[in-house]
Amino acid sequence: MEDFLHNMDWVLPLRSETATHIFNAFTFLGYTPFFLIFLPIGYWLWNRNLFTRLAVLIAITAILNGWLKDFWQDARPDPAFQLDADRVGESYGLPSGHAQVAVAMWFWLAYELRRAWAWAAAFFIASGVCFSRLYLGVHDVEDVLAGIALGLVSLAIFAVLVHEHVVSRWRRLPAWMDFAVIAVAIPLLWVIWPNNEDPSGIAAVLFLLLGWLGGAALDRRAAPEKPVLPAWWLQVIMAVVGTAGVFAVQIGLTRGGQALGLPGAIATYIAVAAIGVYATWAAPALFRKLGLMKQP
């Protein structure tokens, strides 16, 4: 069993140039740039409530994964196996964040859609992402299985949190409670984080969520009804231009903060919070101004 969970020799004969391209594409679906593309586009062009729930789920899952990595401090496979070493850096291996988030995100989407094709797509994509981490040699089987299990646990917990009985009670509380919970959770990370590790990177997830929820609240006030979207080709333009805006905000504010002498973490927090506001309020407001989103 120990050999099955940790020995990575079996992956070497599977590698080829074509397969490496394929699994690099799958593994991209677990990195931050993908989420900064996928979540805003889903918010603009699909369903803003669904993708707000998805943003919350991903944030919860990412924090749980980061805490467990630093708690267990389990080393990744030998660097000789790794084809993705530059992006994983010095981070720990157990559990696989790609596997955990992929299972949680894609199966939650399938659960919301309740369509056979959505379940099939979720299984295909999550399986590809999970196997990509083995193929690229940055996780062993134990890491991936733990990530899958924790992704399923995250799904179960989130299903309880968004159940109508829980949501209806939460809605009775003042609207500012959402932001208060996140504001308290950010400094709490430094209190609860294990083994004196630094949670600065994970804190960025909460700043993004804070901006996302703030922008979404403004967006709902400005446009209470689900918007009517234009022709498909205009939606493609919206997606491309809007996504370019996401990365312009990220790069501009990060570099601007650094030019002002702000610590790197602070500049990052400002940038990701602004991305959240941009994705859920500023970009939709611009789209409405241009007549690309209309109230029914």
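Student: Where does Pro-95 lie?
Tutor: Pro-95 is in the loop between helix 5 and helix 6. Keep in mind that this is a predicted model.

Student: And what kind of peptide bond joins Leu-94 and Pro-95?
Tutor: A cis one, with omega at about -5°. For background, most peptide bonds are trans.

Student: Is Asn-196 buried or exposed?
Tutor: Exposed, because its relative accessible area is 80%, and the cut-off for exposed is over 50%.

Student: Switching to helix 13. Where is its kink centred?
Tutor: On Tyr-278, where helix 13 kinks by about 50°. Just after helix 13 comes Gly-291, with a positive phi of about 80°.

Student: Now salt bridges. How many turn up in a search of the whole structure?
Tutor: Five. One of them pairs Glu-112 with Arg-53, at 2.7 Å from N to O. Glu-112 is in helix 6 and Arg-53 in helix 4 (residues 48–72), so this pair links distant parts of the chain, 59 residues apart.

Student: How accessible are Glu-112 and Arg-53?
Tutor: Both count as partly exposed: Glu-112 has 22% relative accessibility and Arg-53 has 29%.

Student: What does Arg-133 pair with?
Tutor: Asp-84, in a salt bridge of 3.0 Å, N to O. Arg-133 belongs to helix 7 (residues 116–135) and Asp-84 to the loop between helix 4 and helix 5 (85–88), so the bridge ties together parts 49 residues apart in sequence.

Student: Are those two buried or exposed?
Tutor: Buried, with Arg-133 at 1% relative accessibility and Asp-84 at 4%.

Student: Which residues are linked in a network of salt bridges?
Tutor: Arg-48, Asp-219 and Arg-288. Within it, the side chains of Asp-219 and Arg-288 meet at 2.9 Å, N to O. That pair links distant parts of the chain too: Asp-219 is in helix 11 (residues 200–222) and Arg-288 in helix 13 (residues 264–289), 69 residues apart.

Student: How accessible are Asp-219 and Arg-288?
Tutor: Asp-219 is buried at 2% relative accessibility, whereas Arg-288 is partly exposed at 21%.

Student: On to packing. How many residues are in the largest nonpolar core?
Tutor: 74. Among those with the most contacts inside it are Phe-38, Trp-44, Met-105 and Trp-106. Helix 6 (residues 97–113) gives the largest share of this core, 11 residues.

Student: What does Met-105 touch?
Tutor: Leaving out residues up to four places away in sequence, Met-105 touches Phe-34, Phe-35, Phe-38, Leu-54, Leu-57 and Ile-58.

Student: Last one: which residues form a nonpolar patch on the surface?
Tutor: Trp-232, Trp-233, Val-236, Ile-237, Val-240 and Val-241, with about 660 Å² of accessible area together. Trp-232 lies in helix 12 (residues 232–259), and Trp-232 is exposed, with a relative accessible area of 67%.

Student: Why might residues spaced like that in a helix face one side?
Tutor: An α-helix has 3.6 residues a turn, so residues three or four places apart point the same way.

Conventions: Residues are numbered from 1 along each chain as its sequence is written. This is a predicted model: local features need pLDDT of at least 70, side-chain atom pairs count only at pLDDT 80 or more; totals for chains, interfaces and linings use all residues. Side-chain values use heavy atoms; hydrogens and water are left out. A nonpolar core is a set of buried Ala, Val, Leu, Ile, Met, Phe, Trp, Tyr and Cys residues joined through side-chain atoms within 4.5 Å. Buried means under 20% relative accessible area, exposed over 50%, partly exposed in between (1.4 Å probe, protein chains only). Helices (H or I, at least four residues) and strands (E, at least two) are DSSP runs, numbered from the N terminus. Contact means heavy atoms within 4.5 Å. Patches are made of residues with over 30% relative accessible area and no salt bridge: like charges are joined within 9 Å, nonpolar side chains (Val, Leu, Ile, Met, Phe, Trp, Tyr) within 5 Å. Accessible areas come from the Shrake-Rupley method with a 1.4 Å probe; for residues, only the protein chains shown count as cover. A salt bridge is a side-chain nitrogen of Lys or Arg within 4 Å of a carboxyl oxygen of Asp or Glu. The bend at a residue is the angle between axes fitted to the seven residues ending there and the seven starting there.
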